[in-house]
Amino acid sequence: MLITSAVDLRFDANGLIPAIAQDAENGQILMHAYMNQEALARTLETGLAHYYSRSRQRLWQKGEESGNIQRVRVILYDCDADTLLLMVDQTVAACHTGNRSCFYRRLAGEGDAEPGAWPPAWGGADTLGVLERISQTIRERKVAPLEGSYVAGLFAKGPNAILKKIGEEAAEVVMAAKDRDRGAIVCEVADLWFHSLVLLGLHDIEPREVARELRNRIGKRRTPA
C-alpha cells in the first residue's frame, strides 16, 4: 500500500484522522469515517478497512455484520497529512441504508435529483455506471426479497426461469434486428442486458468484471472458432 508510517500523519486531539473510502474502479466516493492508529494498523495488516466508531468508542471492521467488506488497494494521504483516502473494492454497498454510496442525496436546489439517485461518480446515465446501479438493486432483491418485485420473483423461481428469460429476450433481439426496427432493437437489447444482469447477480458477478474482460480483449486478435 502507498503510505508511509503512521508517525507522518496528523491525528487530532482525540487521536483520530478522517478517512474517505473511494471505489478503486470507478472513482465513486463511498463513505467518510474515522481511523485511530490501531484502526490504521489493522487495515494495513489485513488489507480490510477498519475504522474507529466515535459513537460506540471502539474499533470496527467495515462489513463485520453486513458482510459488505472493503478490500483496500491503496491508502493515500493529503498534503497536510491530516486526511486519508482509501481506494477500495467495495462488496455490494458501503452505506447502511443499502445504497452503494453514503452520498446518494443532494441538497435542495434547481435540478435536484430525487432522494436515492446515484451521484455523477457512477459515470452518468449512459455508461457502465447505470449497469452497476441496476446490478446493485438486483443483488439487494436477491438477499432481501421485496414483495411484488419482478427480480425477486425471478430468483424465487430459480435459475431455469432466469435462463429461459435470457433465451426469450435474445430471440426478440434477433427479430427486432431482422425487422431493422431501431427503437425495438434498443428496447430488446435493454431487456437482454437486464436479464443478463440478473444472471450475473445469481452468480455474484459484478458488471465491472465483464467490463474488465472486454477491456483486456482490446487490441487482441481472436482466432475464429
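**Entry 1: Glu25**

I started at glutamate 25, which counts as partly exposed at 29% relative accessibility (buried means under 20% relative accessible area, exposed over 50%, partly exposed in between, with a 1.4 Å probe and protein chains only). Before going on, I noted that this is a predicted model, where local features need pLDDT of at least 70, side-chain atom pairs count only at pLDDT 80 or more, and totals for chains, interfaces and linings use all residues. Residues are numbered from 1 along each chain as its sequence is written, and side-chain values use heavy atoms, with hydrogens and water left out.

I found glutamate 25 in the loop between β1 and β2 (helices, H or I of at least four residues, and strands, E of at least two, are DSSP runs numbered from the N terminus). Leaving out residues up to four places away in sequence, I listed Arg73, Asp89, Arg208 and Arg212 as what glutamate 25 touches (contact means heavy atoms within 4.5 Å).

**Entry 2: salt bridges**

Side chains of opposite charge can pair when their charged atoms come close. I used the rule of a side-chain nitrogen of Lys or Arg within 4 Å of a carboxyl oxygen of Asp or Glu. The count came to 13 salt bridges.

Which residue forms a salt bridge with glutamate 25? I got arginine 212, with the closest N and O atoms 3.0 Å apart. Glutamate 25 sits in the loop between β1 (17-23) and β2 (29-35) and arginine 212 in helix α6 (residues 207-217), so this pair ties together parts that are 187 residues apart in sequence. Arginine 212 is partly exposed, at 28% relative accessibility.

Next I looked at glutamate 64 and arginine 58, whose side chains meet in a salt bridge at 2.9 Å, N to O. Glutamate 64 is partly exposed at 38%, and arginine 58 is partly exposed at 32%.

Then I took lysine 142, which forms a salt bridge with aspartate 204, the closest N and O atoms being 3.0 Å apart. This pair links distant parts of the chain, with lysine 142 in helix α2 and aspartate 204 in the loop between α5 and α6, 62 residues apart. Lysine 142 is partly exposed at 28%, whereas aspartate 204 is exposed at 55%. I also noted one network, in which salt bridges that share partners join Asp23, Arg100, Glu132, Glu206 and Arg208.

**Entry 3: what α2 packs against**

I looked at α3 beside α2. The axes of α2 (residues 128-143) and α3 (residues 150-157) come within 9 Å and cross at roughly 55° (axes are lines fitted to C-alpha atoms, for helices over the stretch in contact, and angles run from 0 to 180 degrees between N-to-C directions). The two are therefore oblique to each other (under 35 degrees is roughly parallel, over 145 roughly antiparallel, 65 to 115 roughly perpendicular, and the rest oblique). Ile138, Arg141 and Lys142 of α2 make the contact with Val151, Ala152 and Phe155 of α3.

How do α2 and α5 cross? Their axes come within 9 Å and cross at roughly 50°, with α5 covering residues 182-202. That makes α2 oblique to α5. From α2, I listed Leu131, Ile134, Ile138 and Lys142, which meet Trp193, Phe194, Leu197, Val198, Gly201 and Leu202 in α5.
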